[in-house]
Amino acid sequence: MNLPRPLRTTIAPALLTITALLVLTACGTSEADSGSGGFGAKGTVDIRIPDPGNSGVLALGKKDGSLDKALAKAGARVRWTGSAGPFAPAAQAMNADQLDIATGSITSGITSLAQRPGFKFFTAVDPDAAGEGILVKNGSGIESVADLVGRKVAVNQGGTGEYLLLKALAKAGIPADKVKRVYLRPDQTAAVFNAGKVDAWSVWATYAVAEIGSGKAHFVADGAAIGSDNYSLNAVRTGFAEQHPKVVKALYQYLREAGAKEKQNPAAYLNVFTDVGPTAVTGNAKEVQTDFTRKGGTVRPIGPEDIKRFEAVAAFYAEQKVTPTEVDVAAHLLDIGKLK
């Protein structure tokens, strides 16, 4: 779940484990942690956001100071806390008043909403038709979703990966139990996939870019072919939104405007701090990422049609027994147009 994708970075993270939660909550500075989404120096509101890494709208906003400049008009400033990554631990951090903003897919969002959520979603980015899907190695012999029967597919449990696989199988009329789901954290899956220990990987652009860019893998079915309703969303801690609506609105406006610029010139938002090392996007992967970004959506308000599609995902998750009951997504949405 592709920028101008909310707060998502281009090459890195996603889902689960208490370790990831500790990264989010313990890696922030003491100054950031003391903010509690409250007031910093001279009455300035601290808004705690996971560090954006090396690519994307927020990375550039951090480097050139444009994000703080935009938020200053609403009396706020960013406190970068930990690192961007899995939504599940980010949701837990928001619930514990240790984070104010996070990004996730509607799929991982629904599984988090099934708990005791202390957050609301306030922006939508259309499903990534080109950048997510079911990845297979070239020459694997897997040429269609039907060829996955009897195979092992890596997915992140309850998130984008599991959703895309289940959705693809349902569309093809294949019972879910005909394919073996292997639950893995996405940041641990590449090695397993490349070692041939799974036959396919249900994944999104954050991880797919490097694999496709290597020239050794491709999507047997992308988001468009699957009919994905996997929106990318920004979430805000409920208490923060209630106390500082002007700050949330200012952040939304920044993301919307910067996202539109990124879509027009994706390369300018890659390798913001360094063009070498593990966080850099290089070679063919750079071309793949820029292509996905140009084809992707941009940040906008959540509308009635979006809500219907969110509800369809929630119903699908309940039907597939990913969640015990159907989650009421509409109860956890924020109308950005009504914030003052």
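Helices here are DSSP runs of H or I with at least four residues, numbered from the N terminus. The model is a predicted one, so local features need pLDDT of at least 70 and side-chain atom pairs count only at pLDDT 80 or more, while totals for chains, interfaces and linings use all residues. Residue numbers start from 1 along each chain as its sequence is written, and side-chain values use heavy atoms, leaving out hydrogens and water.

Take the largest pocket to begin with. A pocket is an open set of points on a 1 Å grid over the protein atoms alone, where a 1.4 Å probe fits, with protein on both sides within 12 Å along at least five of seven lines; lining residues have an atom within 4 Å of a point. The volume, meaning the space filled by probe spheres set on the points, comes to about 400 Å³. Of the 18 lining residues, Ser66, Ala70, Gln253, Tyr254 and Glu257 sit nearest the centre. Helix α12 (245–264) supplies at least two of the lining residues, as do α3 (57–64) and α4 (66–72), and α12 gives the most, with eight.

Now for a helix pair. The axes (lines fitted to C-alpha atoms over the stretch in contact, with angles from 0 to 180 degrees between N-to-C directions) of α5 (residues 87–95) and α6 (residues 106–113) come within 9 Å and cross at roughly 45 degrees. Phe87, Ala88 and Ala91 of α5 make the contact with Ser108, Gly109 and Ser112 of α6, contact being heavy atoms within 4.5 Å.
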